[in-house]
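Here are some notes to read with the model open beside you. Take the points in order and follow along in the viewer.

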Amino acid sequence: MSSLKIGFVSLGCPKALVDSERILTQCRVEGYQIVPSYHNADLVIVNTCGFIDSAVEESFDAIGEALTENGKVLVTGCLGVKKDEILEKYPNVLGITGPQAYESVMEAVHEHLPPKHDPHLDLIPSQGIKLTPRHYAYLKISEGCNHKCTFCIIPSMRGKLDSRLIGDVMREAQRLKMAGVKELLVISQDTSAYGVDIKYQSDTWQKREYRSKFYDLCAALGELGIWVRLHYVYPYPHVDEVIHMMAEGKILPYLDIPFQHASPKILKLMKRPGAENNLERIQAWRAICPELTIRSTFIVGFPGETDADFEELLDFLRAAQLDRVGCFTYSPVEGAKANDLPDPVPDEIKEERLARFMAVQAEISAQKLQQKIGQRMTVLIDELREDHAIARSSADAPEIDGVVFIEHPQDLRVGQFVEVNIVDATEHDSIAEAAAE
């Protein structure tokens with residue numbers, strides 16, 4: 001008896017990717033076969049994003065394409081909270097669920113494509129189905145967010161902070177390591193708030209007691225002996241405590257902190273938490289851990305942003321010397337409080353400020369990469385090409401940062417740690433040669 005086949009489209013951020021992995025794992029547990037094309041699928045699931053207008057448009061396009069190419073489509077994810085809009089545009093979808101609604105997704109699958117098998121006969125790897133390469137994986141530690149940032153609607157889509165117990169997180173991390181994962185990317189909506197909703201409840205892992213708290217989680221993950229990279233870290237005071245672990249090599253010296261702006265006035269309008277003394281704290285972190293890489297994201301053209309506010313942001317950028325930076329122009333999101341703020345910035349000024357911002361950061365990034373020439377470092381191989389290998393250092397997160405190109409690779413394999421010497425650099429990437437033994 002042939003297996004029923006499901007096609008899957010996964011859109012959005014790494015947190016949505018983890019949601020997709022969970023749904024795919026359950027589908028395989030129940031005997032469904034996952035196929036890469038519309039035409040071979042008995043049903044298609046589209047995991048959508050609904051955070052900004054461009055993501056909403058992409059999600060609607062993906063639903064439309066799936067309906068055209070296949071016809072039997074289930075919709076889930078963040079756009080699922082806008083059920084009426086989806087049905088108005090695509091009344092023929094079979095079902096709609098919101099984010100993190102794994103059980104509801106499977107109920108809809110069962111309704112429209114009942115399983116035909118005995119689940120006890122299926123073999124699923126203990127780490128589940130992963131959409132990332134075998135050597136790295138995302139580790140989601142919580143869902144939701146307690147903040148009320150005026151430009152964001154994530155709490156309305158994903159709910160308030162909901163942390164996993166640390167024992168549960170660590171058991172998943174251990175399974176991933178045993179499956180060959182060399183790098184864990186810790187993600188959530190607010191990583192440094194981990195555990196506050198469950199009052200840092202204690203739990204056990206490997207016969208030791210840990211609190212379900214940011215510091216304890218970093219300490220436990222640091223015992224695994226693989227790369228651990230922290231994403232979506234709000235700059236609360238207790239973040240200072242983990243910098244020493246980075247200096248000691250227990251977790252990667254890398255912080256992904258979405259500062260969003262530097263003007264106190266704009267940060268207040270955004271209702272951003274943990275926005276005090278950021279420049280002084282960055283300097284203190286680097287004094288403890290000089291090799292620390294800091295990545296961040298910013299918004300320009302937020303309602304009420306004046307020329308003086310923008311210049312303050314550029315001054316911060318020059319002083320902070322951040323390693324990796326992304327920047328976006330403010331885009332109204334349906335349901336966001338910021339839409340009601342006065343003094344919107346005209347689009348042409350937004351674009352002009354974005355260009356100026358990125359020009360300043362491009363110069364900083366290029367200088368920082370030039371300073372690495374002559375250094376020896378450990379990199380993780382991501383891909384092998386005919387005449388070069390693509391790798392990443394501790395300063396490079398997959399998909400969003402630069403890479404290290406290794407010239408004339410010999411006897412290398414994907415997922416391998418190797419020592420290289422940096423011999424050159426471009427604006428965003430490093431060029432290296434394999435180091436002599």
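1. A word on labels before anything else: helices (H or I, at least four residues) and strands (E, at least two) are DSSP runs, numbered from the N terminus. With that in hand, look for S331, which sits in the loop between β15 (324–329) and α12 (347–370). S331 and R28 are 303 residues apart in sequence, and their C-alpha atoms are 38 Å apart in space.

2. Some housekeeping. This is a predicted model, where local features need pLDDT of at least 70 and side-chain atom pairs count only at pLDDT 80 or more, while totals for chains, interfaces and linings use all residues. Residues are numbered from 1 along each chain as its sequence is written, and side-chain values use heavy atoms, with hydrogens and water left out.

3. Now the open sheet. Its five strands come in the order β2-β1-β3-β4-β5, with parallel pairing (two strands pair if DSSP finds at least two bridges between them). β2 (33–35) and β5 (95–96) are at the edges with a single partner strand each, so one side of each has no neighbour in the sheet. Further in, β1 (residues 5–10) and β3 (residues 43–48) pair in the parallel sense over five bridges, and G7 stands opposite V44 in β3. Helix α2 (residues 53–69) packs on this sheet, touching β1, β3 and β4 (73–77), and its direction makes about 175 degrees with that of β3. Helix α4 lies across β1, β3 and β4 too, running at about 175 degrees to β4. For these angles, axes are lines fitted to C-alpha atoms, for helices over the stretch in contact, and the angles run from 0 to 180 degrees between N-to-C directions.

4. Next, helix α1 (residues 14–29). At 1.5 Å a residue, its 16 residues should span 22 Å, and the end C-alpha atoms are 22 Å apart, which agrees; the expected span is 1.5 Å times one less than the number of residues. Its buried residues include L17, V18, I23 and L24. After α1 comes G31, with a positive phi near 95 degrees.

5. How do α1 and α4 (residues 102–112) cross? Their axes come within 10 Å, at roughly 40 degrees. That makes α1 oblique to α4 (under 35 degrees counts as roughly parallel, over 145 as roughly antiparallel, 65 to 115 as roughly perpendicular, and the rest as oblique). D19, R22, I23, Q26 and C27 of α1 make the contact with Y102, V105 and M106 of α4, contact meaning heavy atoms within 4.5 Å.

6. There is a hairpin to find as well. Strands β10 (residues 202–205) and β11 (residues 208–211) pair in the antiparallel sense over four bridges, and W205 stands opposite R208 in β11. Two residues lie between the strands, and Q206 in the turn has a positive phi of about 50 degrees. Helix α7 (residues 214–221) is mostly covered, with six of its eight residues buried; F214 and L217 are among them.

7. Last, the closed barrel. Five strands run β16-β17-β18-β20-β19, with mixed pairing, and the twist averages 55 degrees from one strand to the next. β16 (residues 376–384) and β19 (residues 417–425) pair in the antiparallel sense over five bridges. Across that pair, V379 stands opposite V418 in β19.

Definitions and conventions:
Buried < 20%, exposed > 50% of the residue type's maximum accessible area, 1.4 Å probe, protein only.
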